[in-house]
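Have the viewer open and follow along.

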Amino acid sequence: MSFGSDIGLSGVYAGIDICGNGIKIGTVDDEGALLEADYIPLTEEQRTPEYIADRVAEGIEERSQAFSEGKDLDGVGIGFPGFLDKSGCVVLSPNLPAFNGVNVQKLFQERFPRLTITAAKVSNANAMGEYRFGIGRRLEAENLLVYTLGAGVDAGIIIGGKLFVGDRGFAGDLGHVKVFESSVYLKDQEIQCMCSRSGCVEQICGETAFATMFWQQEVDDPRDLMQKCGLDPLKTSSWGYKALASAMTPETMSQLTRDGNVTALHLWHRYGFYLGKAIGAALHTLAIDSIVIGGRIARFFNLFETGIREGLVHDGFPPARLDAIRIYKGEIDSRHAEIFGAAALAAASQP
Ligand SMILES: [Zn+2]
């Protein structure tokens, strides 16, 4: 890691993303330039509040000192994988359950009283990142609905240029909008979403989307698709759900689409359709015009953009309303999206 010597006079914010596998940490200036970035991997045993707090504190200290000769950090933002209340306390974190009940914001604010620390759910941080450092810079929109498509589906809501967190602190939990008419089944067994229901958009449009859709018989010619994915259709032992999920990744399905595979293209279309239904459900309440699709799977946006519109049509939006809805691909560099998002939280907290 090296810190640039010429950091100018604009603000400098540390962005920290704590996730199950590791900690991403970096600094971003007011212009949206990434000054440096680092990654600290975490083993299973290291996923404790004590260990993670020490590593994050070291990272903040290191950066604070590096910039202190010219100017100190202007703030620190933390993206966390779970529900945080307005005070920064973790209400529930399926990925890092040891943090349940821990106030992440307070944990670091006490260690760094001179710095402003702001913590939020990762997808809320990502939304602020797109608004402040991504596509929001060239749109005139003050209201954005920003989806993060990765392992699951989540979102963040920007209203009037500010992150909307609701009364509880974690608004935007839109991965649990039910989009599948029936429940999701594997063989005869209903598969529950982490919210304990079934048929949520997170189950259909997360990273195992294609295995799930395959199993729900969304394909006409499963044998061809399986062979293209390197699975033997005659050996049922080789194609359990896990095998399907690891063979039918978004990357593989994108490559198959480029190779002209009609079934893969159809599944991308259905992916967009279900996502569109979820977006429609949110828009009935929010009436926001500008929707941003971010996260790892957003790089395949062109494969499912049309499907999103069909999902909205299916959801009953009249043509005049549909014309006003704009769906954009996020513009934050996906390799560092979480750092930009957390840094944007810090920038937004400045008076
Ligand atoms: Zn759910």
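Five residues of domain 1 are in contact with five residues of domain 2 in this predicted model. On the domain 1 side, the touching residues split into two nonpolar, two polar and one charged. The domain assignment puts domain 1 at 12-134 + 334-348, while domain 2 takes in 174-329. Taken over C-alpha atoms, the centres of domain 1 and domain 2 sit 31 Å apart.

Now zoom out to the whole chain. The protein chain has twelve helices and 14 strands. Its radius of gyration is 21 Å, close to the 20 Å that the globule rule gives for 351 residues, so the chain is as compact as a globular protein of that length. Along its principal axes, the C-alpha trace spans about 65 × 50 × 40 Å. As for burial, 44% of the 351 residues count as buried. If you take contacts between residues at least 6 apart in sequence, 66% of them join residues at least 24 apart.

**A helix pair to look at**

How do H3 and H12 cross? The axes of helix H3 (residues 122-133) and helix H12 (residues 337-348) come within 7 Å and cross at roughly 80°. Angles from 65 to 115 degrees count as roughly perpendicular, and H3 and H12 are therefore roughly perpendicular to each other. From H3, the contact uses Val122, Ala125, Asn126, Met128, Gly129, Arg132 and Phe133. H12 brings a list that includes Phe340, Leu345 and several alanines, among them Ala337, Ala344 and Ala348. The residues of this contact divide into eleven nonpolar, three polar and two charged.

While you're on H3, check serine 123, which lies in that helix. Is serine 123 buried or exposed? The cut-off for buried is 20 or more other C-beta atoms within 10 Å, and serine 123 has 27 such neighbours, so it counts as buried. Leaving out residues up to four places away in sequence, serine 123 touches Thr148, Asp154, Ala155, Gly156 and Gly172. Leucine 84 is 39 residues from serine 123 along the chain, and their C-alpha atoms are separated by 11 Å.

**Another buried spot**

Isoleucine 23 lies in strand E2 (residues 22-29). Isoleucine 23 is buried, with 20 other C-beta atoms within 10 Å. What does isoleucine 23 contact beyond its sequence neighbours? Setting aside those within four places, its contacts are Ile16, Asp17, Ile18, Ile40, Leu42, Ile52, Arg55 and Val56.

Serine 196 has a positive phi of about 80° although it is not a glycine. Serine 196 lies in the loop between strand E12 (189-190) and helix H4 (201-205). Exposed is the label for 12 or fewer C-beta neighbours, and serine 196, with 7 other C-beta atoms within 10 Å, is exposed. Serine 196 and glutamate 310 are 114 residues apart along the chain, with 28 Å between their C-alpha atoms.

Alanine 287 also has a positive phi, of about 50°, and is not a glycine either. You'll find alanine 287 in the loop between helix H9 (262-286) and strand E13 (290-294). With 11 C-beta neighbours inside 10 Å, alanine 287 counts as exposed.

Arginine 296 is partly exposed, with 15 other C-beta atoms within 10 Å. Not counting residues up to four places away, arginine 296 touches Leu149, Gly150 and Ser334. Arginine 296 and alanine 151 are 145 residues apart in sequence and 8.6 Å apart in space, C-alpha to C-alpha.

Here are the C-alpha separations again, side by side.

| Residue pair | Separation in sequence | C-alpha to C-alpha distance |
|---|---|---|
| Serine 123 and leucine 84 | 39 residues | 11 Å |
| Serine 196 and glutamate 310 | 114 residues | 28 Å |
| Arginine 296 and alanine 151 | 145 residues | 8.6 Å |

Note on methods. Residues numbered from 1 in each chain as written. Predicted model: local features only at pLDDT ≥ 70, side-chain atom pairs only at ≥ 80, totals over all residues. Helix = DSSP H or I, 4+ residues; strand = E, 2+ residues; numbered from the N terminus. Rg over C-alpha atoms; globule rule 2.2 N^0.38 Å. Contact = placed C-beta atoms within 7 Å. Domains from an automatic or database assignment. Nonpolar A, V, L, I, M, F, W, Y, C, P; charged D, E, K, R; others polar. Axes fitted to C-alpha atoms, helices over the stretch in contact; angles between N-to-C directions. Parallel < 35°, antiparallel > 145°, perpendicular 65-115°, else oblique.
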